[in-house]
Amino acid sequence: MLFVLPTILGLFFLNIKPAIETIAMSFQKTSGLGTSTFSGLENYERLLQDPQFPLAIWNTIKYSLITVPGIIIFSLLSAVLMNQKIKGLSLYRVIYFLPVVATPAAVAMVWRWLYNSEYGLINYVLNLIGIKGPAWLGDPKISIIAIAIVGIWSAVGYNMVILLAGLKEIPKDYYESAGLDGAGPIRQFFSITLPLVSPTLFFVTVTTMISSLQVFDVIYLMFDSKSEVIPYTQTLVYMFFKHSFMLNNKGYGAAIVVVLLIIIALITTLQMKLQKKWVNY
């Protein structure tokens with residue numbers, strides 16, 4: 001207990017205590033002067049009547065449905081490639097990991113330029129092949145997809161390192177035996193690599209899902225708060241930030257976060273139940 005005490009204290013003061021205070025605040029009505037009064041379920045009743053609330057939930061889910069499979073697939077493929085004996089392997093690993101260490105502001109600035117409908121690099125390349133590029137950050141129909149692409153690009157390197165560590169734990173004997181039996185690379189991947197790396201893959205899936213449901217910084221940095229597409233791209237965390245720090249209604253913002261906490265808890269519980277069907281320990 002003495003050795004784990006620092007971790008326990010850190011979890012309590014940095015995670016548990018703020019979570020309890022947030023839940024308590026969701027039942028209060030706050031004012032700009034910092035005072036608060038108990039309001040019962042008023043914030044939750046208002047939340048259910050807010051037309052932006054179901055749209056924010058859908059934006060959050062849609063973002064997760066795009067980014068989570070994309071991140072897992074590209075991270076696993078990258079890890080498998082980085083696990084091979086190729087020249088310049090260290091350089092490739094650094095290149096893949098660079099987006100992780102880049103600051104969110106720098107990432108947003110670069111991608112805003114790439115997505116620019118008039119002089120952005122993406123639309124310029126599309127015009128060269130005769131395709132008219134869309135307004136990536138100005139079209140409500142594709143703006144969430146554009147944000148999801150940035151999310152995938154930013155997270156692949158981090159998850160690749162975790163999966164690479166899992167791949168290193170697989171004994172080489174399995175592949176040698178499979179090769180002697182005539183199994184090709186694809187058969188080895190699905191019969192050996194995928195089952196044995198499934199515990200690490202499960203961890204990556206859970207953490208990626210939680211992270212995607214909490215997306216905020218990319219949206220905040222790439223869109224102006226008065227942009228017409230904000231209602232179609234704002235997630236629950238962005239909605240929480242807007243009401244808590246822009247509109248200074250922290251009680252209402254706390255209610256949004258509590259709903260998000262419930263959603264994350266339900267999805268994580270479901271993942272823990274389903275892991276028994278595909279994770280091999």
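Which residues do ring pairs link into a cluster? In this predicted model, the cluster consists of Phe-216, Tyr-220, Tyr-238, Phe-240, Phe-241 and Phe-245. The legends below cover this cluster and other close-up views.

**View A. Ring pairs join Phe-216, Tyr-220, Tyr-238, Phe-240, Phe-241 and Phe-245.**
The structure holds 13 aromatic pairs. A pair of aromatic rings is described by the distance of the centres and the angle of the planes. Phe-216 and Tyr-220 are stacked, with 5.3 Å between the centres and 20° between the planes. Tyr-220 is partly exposed, its relative accessibility being 39%.

**View B. Phe-202 and Trp-278 form an edge-to-face aromatic pair.**
The ring centres are 6.1 Å apart, and the planes make an angle of 70°. Phe-202 belongs to helix H10 (residues 198–213), while Trp-278 is in the segment after helix H14 (250–274), so the pair ties together parts that are 76 residues apart in sequence. Phe-202 has a relative accessible area of 9% and is therefore buried. Trp-278, at 34% relative accessibility, counts as partly exposed.

**View C. The largest nonpolar core has 59 residues.**
Leu-47, Tyr-115, Met-222 and Phe-223 have the most contacts inside this core. Helix H7 (residues 143–168) supplies the largest share of the core, ten residues. Leaving aside residues up to four places away in sequence, Met-222 touches Ala-108, Trp-111, Arg-112, Tyr-115, Leu-137, Ile-147 and Val-150.

**View D. Helices H3 and H13 cross at roughly 140°.**
Two packed helices are described by the angle between their axes and the distance between the axes. The axes of H3 (residues 52–82) and H13 come within 8 Å. Roughly antiparallel would require an angle over 145°, and H3 and H13 are therefore oblique to each other. On the H3 side, the contact is made by Gln-52, Phe-53, Ala-56, Ile-57 and Thr-60. The H13 residues in the contact are Leu-236, Met-239 and Lys-242.

**View E. Asn-248 has a positive phi in the loop between helices H13 and H14.**
Helix H13 spans residues 236–246. Most residues other than glycine have a negative phi. Asn-248 is not a glycine, yet its phi is about 55°. With a relative accessible area of 31%, Asn-248 is partly exposed.

**View F. The charged end of Arg-46 sits over the ring of Tyr-252.**
The distance from the charged end of Arg-46 to the centre of the Tyr-252 ring is 4.0 Å.

Methods
Residues numbered from 1 in each chain as written. Predicted model: local features only at pLDDT ≥ 70, side-chain atom pairs only at ≥ 80, totals over all residues. Heavy atoms only, no water. Core = buried A, V, L, I, M, F, W, Y, C linked by side-chain atoms within 4.5 Å. Buried < 20%, exposed > 50% of the residue type's maximum accessible area, 1.4 Å probe, protein only. Helix = DSSP H or I, 4+ residues; strand = E, 2+ residues; numbered from the N terminus. Contact = heavy atoms within 4.5 Å. Phe/Tyr/Trp six-rings, centres within 6.5 Å; stacked < 30°, edge-to-face > 60°. Lys NZ or Arg CZ within 6 Å of the ring centre and 35° of its normal. Axes fitted to C-alpha atoms, helices over the stretch in contact; angles between N-to-C directions. Parallel < 35°, antiparallel > 145°, perpendicular 65-115°, else oblique.
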